[in-house]
Amino acid sequence: MMPQEVPTTSVDQVPVDAVLLDVREDDEWEAGHAPQAIHIPLGQLAERVGEVPQDSGEVYVVCRMGGRSARATVFLNQNGWDAVNVDGGMQSWHISGLPLVAAEGVVPEVI
């Protein structure tokens with residue numbers, strides 16, 4: 001069985017107005033996430049897939065480093081979405097100086 005090809009892009013290629021799906025766990029999300037992201041932990045994606053916009057073009061999927069988001073990307077693409085994995089995940093997002101927000105009452109690190 002051939003491994004599934006996972007469409008991948010770097011954080012600097014994610015459009016500003018992109019649909020960004022963050023599949024990390026709740027504690028990771030609360031610590032800091034992209035302002036425009038939609039949060040659905042990977043373990044809940046199958047049951048909550050209807051919450052992922054399907055009519056707005058590509059969905060960019062992010063996790064901490066890229067492993068969980070790669071699995072989510074394959075799942076979405078197999079189910080009719082046009083999904084792209086964000087290489088390096090939120091670690092690369094943070095290092096690149098892209099905006100982060102945190103849960104209410106938590107001050108995100110300013111880069």
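Colleague: Where does Glu-25 lie?
Modeller: Glu-25 is in the loop that runs between β2 (19–22) and α1 (26–31).

Colleague: Before we go on, what should I know about the numbering and the model?
Modeller: This is a predicted model, where local features need pLDDT of at least 70 and side-chain atom pairs count only at pLDDT 80 or more, while totals for chains, interfaces and linings use all residues. Residues are numbered from 1 along each chain as its sequence is written, and side-chain values use heavy atoms, with hydrogens and water left out.

Colleague: OK, back to Glu-25. Why does it count as partly exposed?
Modeller: Because its relative accessibility is 39%. Buried means under 20% relative accessible area, exposed means over 50%, and partly exposed is in between, with a 1.4 Å probe and protein chains only.

Colleague: Speaking of salt bridges, how many does a search of the whole structure find?
Modeller: Three. The criterion is a side-chain nitrogen of Lys or Arg within 4 Å of a carboxyl oxygen of Asp or Glu.

Colleague: Which residue does Arg-24 form a salt bridge with?
Modeller: Asp-22, and the closest N and O atoms are 2.7 Å apart. Both Arg-24 and Asp-22 are buried.

Colleague: And what about Arg-68?
Modeller: Arg-68 forms a salt bridge with Glu-28, with 2.9 Å between the closest N and O atoms. That pair links distant parts of the chain, 40 residues apart: Arg-68 is in helix α3 (residues 67–78) and Glu-28 in helix α1.

Colleague: Is Glu-28 buried or exposed?
Modeller: Glu-28 counts as buried, because its relative accessibility is 18%.

Colleague: Which residue does Glu-51 meet in a salt bridge?
Modeller: Arg-48, at 2.9 Å from N to O. Glu-51 is partly exposed at 43% relative accessible area, and Arg-48 is partly exposed too, at 22%.

Colleague: Zooming out, what does the secondary structure come to?
Modeller: Four helices and five strands. Along the sequence they follow the pattern β-β-α-β-α-β-α-β-α. The radius of gyration is 13 Å, close to the 13 Å that the globule rule gives for 111 residues, so the chain is as compact as a globular protein of that length. That radius is taken over C-alpha atoms, and the rule is 2.2 Å times the number of residues to the power 0.38.

Colleague: What box do the C-alpha atoms fill?
Modeller: Roughly 45 × 25 × 25 Å, taken along the principal axes. Buried residues make up 41% of the 111 residues.

Colleague: New topic: where does Val-16 lie?
Modeller: In the loop between β1 (8–9) and β2. Val-16 is exposed, with a relative accessible area of 82%. Gln-36 sits in the loop between α1 and β3 (38–39) and is partly exposed at 32%.

Colleague: And which helix has Gly-89?
Modeller: Helix α4 (residues 89–95). Gly-89 is buried, with a relative accessible area of 0%. From Gly-89 to Ser-69 is 20 residues in sequence and 7.9 Å in space, C-alpha to C-alpha.

Key. Helix = DSSP H or I, 4+ residues; strand = E, 2+ residues; numbered from the N terminus.
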